[in-house]
Amino acid sequence: MCLGIPAKILRIDGDFAEANINGATIKVGVQLLDRVQINDYVLIHTGYALEKLSEEDALETIKTLQELEQFNKESILPEE
Amino acid sequence: MNFIDDFRNEKFVKSLLTEIHKIPSRPTRIMEVCGGHTMAIRRYGIHTMLPSHIELLSGPGCPVCVTDQRYIDLAIAYAKREDVILLSYGDLLRVPGTYSSLENEKAKGADVRIIYSTIEALETAGQNPEKKIIFAAIGFETTVPGTAIAILRAEKDKLNNFFIISAHKLMPPPMSALIEEGIPIDAYIGPGHVSAITGSKIFSSLAEKHNIPIVISGFEPVDLLQSVLFLMQMLHDGKSGVNIQYSRLVSEEGNIKAQQMISEVFTTCDQHWRGIGHIPKSGLCLNEKYSKYDAEKQIPVKVETGPEPKACLCGQILKGLKKPTDCSLFGNKCTPSNPVGACMVSSEGSCHAYYNYQNTE
């Protein structure tokens, strides 16, 4: 019940929207979100979009991870 | 936006593990309080990747698992009535009550229906005006907005045959209760989807009061390992407070609109937690304005209830005192297809996750 599934908003009609989850289209409630738009990515839980997913923040996290990985790669000395 | 490959990237996993290993070793017990985290940790074998001094514990984060036996018995009492259609999220049907389960009552002819969303609950109420539609409303802050939306919609549409029995629960009170009970917990992995609604701010006073670090985590392997790294760094530096790893979804403030809907419909009340017991102000009940949707107030029933099975360690497992494998019933008398306790019923329960992913031990 803690599970949430990312989905892309395809169409909006008042309190409800059609969203794409891995190729399947489902009806979801968007009453909890302000200013939801077509092509937004949202997290779906028990039939409702809980919150928008931020691409900018995801990329920021990935950038940090890439820097960490690069740092570790450079820190490992080649074996004699 | 598909970042699955990035958050399951083997190179990132290795570099995070390298960083975790660099932090001076000391015995550390980290508890996660979200069923989704429990499942992800077991599924990906996160616990097997970490140094042996870091122990991951599953806490009271599975909503089905923490729902107490009396509530199941209450739902069964309603399900037995011929004028009632009892609606529930799926997992709850298989949780054993004292004398039966909702699944058993359904097999005997009771009108018990599984719903995925409260949208279906309202549709059922509209299609069956001669019946009382009672929704077994369980779950944490993540699930509460769906119930609030249903109540507000029922009010708008003047539905007079829709009711709920609320076992909605709040996450911070049991986290605090476990520490106050003296259970050794050094840090918490905070629940990602609860926090999407509440914001990370809801854990600030808990972190401050108990001088403990909390990191709100996502659900992929890289998310969980980065959260463990953040926690280990905070512990090493002697820092407490709340940090957000799952920043692509969670903010400090959370979803204000959802919080307003919850406040409009619910008020805090005491709740009983399986294994933990009575915790003041740890639940959400309908407030006076919406009490006409409260089944217990509008349709009183006699509840036949009794004690939980003695051999089942679900309660102690939820507190991090025992592991599923410590239980004599685990894997023989208690399996996912024939569960004795709630922790084996839900796929997010500790026992179910241990059973399903035994190959990651």
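In this predicted model, chain B contains 18 helices and 11 strands. Its C-alpha atoms fill a box of roughly 65 × 45 × 40 Å along the principal axes. The radius of gyration of chain B is 21 Å. A compact globule of 361 residues would have a value near 21 Å, so the two agree. Of the 361 residues, 56% count as buried. Contacts in chain B with a separation of 6 or more were also sorted by sequence distance. Residues 24 or more positions apart account for 77% of them.

Chain B is divided into two parts: domain 1 covers residues 1-312, and domain 2 covers residues 314-354. Taken over C-alpha atoms, the domain centres are separated by 17 Å. The contact between them takes 28 residues from domain 1 of chain B and 22 residues from domain 2 of chain B. On the side of domain 1 that touches domain 2, α3, β2 (54-58) and α5 of chain B each give two or more residues. The most come from α3(B), with 5 residues. By class, this side of domain 1 divides into 17 nonpolar, 7 polar and 4 charged residues.

One open sheet of chain B is formed by 4 strands. Their order is β4-β3-β5-β6, and the pairing is parallel. The edges are held by β4 (112-114) and β6 (162-168) of chain B. Each has a single partner strand, so one side of each is left without a neighbour in the sheet. From one strand to the next, the twist averages 25°. Strand β3 (residues 84-88) of chain B is joined to β4(B) by 3 bridges, and the two run parallel. Within this pair, Leu87(B) stands opposite Arg113(B) of β4(B).

Two helices that pack on the sheet are described here. Helix α8 (residues 118-127) of chain B touches β3, β4, β5 (132-139) and β6 of chain B. The direction of α8 makes about 170° with that of β5(B). Helix α9(B) packs on the sheet as well, touching β5 and β6 of chain B. Its direction makes about 155° with that of β6(B).

The contact between the chains involves 37 residues of chain B and 27 residues of chain A. Several helices of chain B each supply at least two residues to the side that touches chain A. These are α2 (10-22), α3 (35-44), α5 (63-66), α9 (144-156), α11 (192-198) and α14 (256-265). The largest share, 5 residues, comes from α2(B). This side of chain B has 17 nonpolar, 13 polar and 7 charged residues.

Towards the end of chain B, Asn356(B) is found in helix α18 (residues 350-356). Asn356(B) counts as partly exposed because it has 14 C-beta neighbours inside 10 Å. In sequence, Asn356(B) and Gly59(B) are 297 residues apart. In space, their C-alpha atoms are 18 Å apart.

Notes. Residues are numbered from 1 along each chain as its sequence is written. Chains are lettered from A and ligands numbered from 1 in the order in which they are written. This is a predicted model: local features need pLDDT of at least 70, side-chain atom pairs count only at pLDDT 80 or more; totals for chains, interfaces and linings use all residues. Two residues are in contact if their C-beta atoms, placed from the backbone, lie within 7 Å. Ala, Val, Leu, Ile, Met, Phe, Trp, Tyr, Cys and Pro count as nonpolar, Asp, Glu, Lys and Arg as charged, and the others, Gly among them, as polar. A residue is buried if 20 or more other C-beta atoms lie within 10 Å of its own, exposed if 12 or fewer, and partly exposed in between; C-beta atoms are placed from the backbone. The radius of gyration is taken over C-alpha atoms; the globule rule is 2.2 Å times the number of residues to the power 0.38. Domain bounds come from an automatic or database domain assignment. Two strands pair if DSSP finds at least two bridges between them. Axes are lines fitted to C-alpha atoms, for helices over the stretch in contact, and angles run from 0 to 180 degrees between N-to-C directions.
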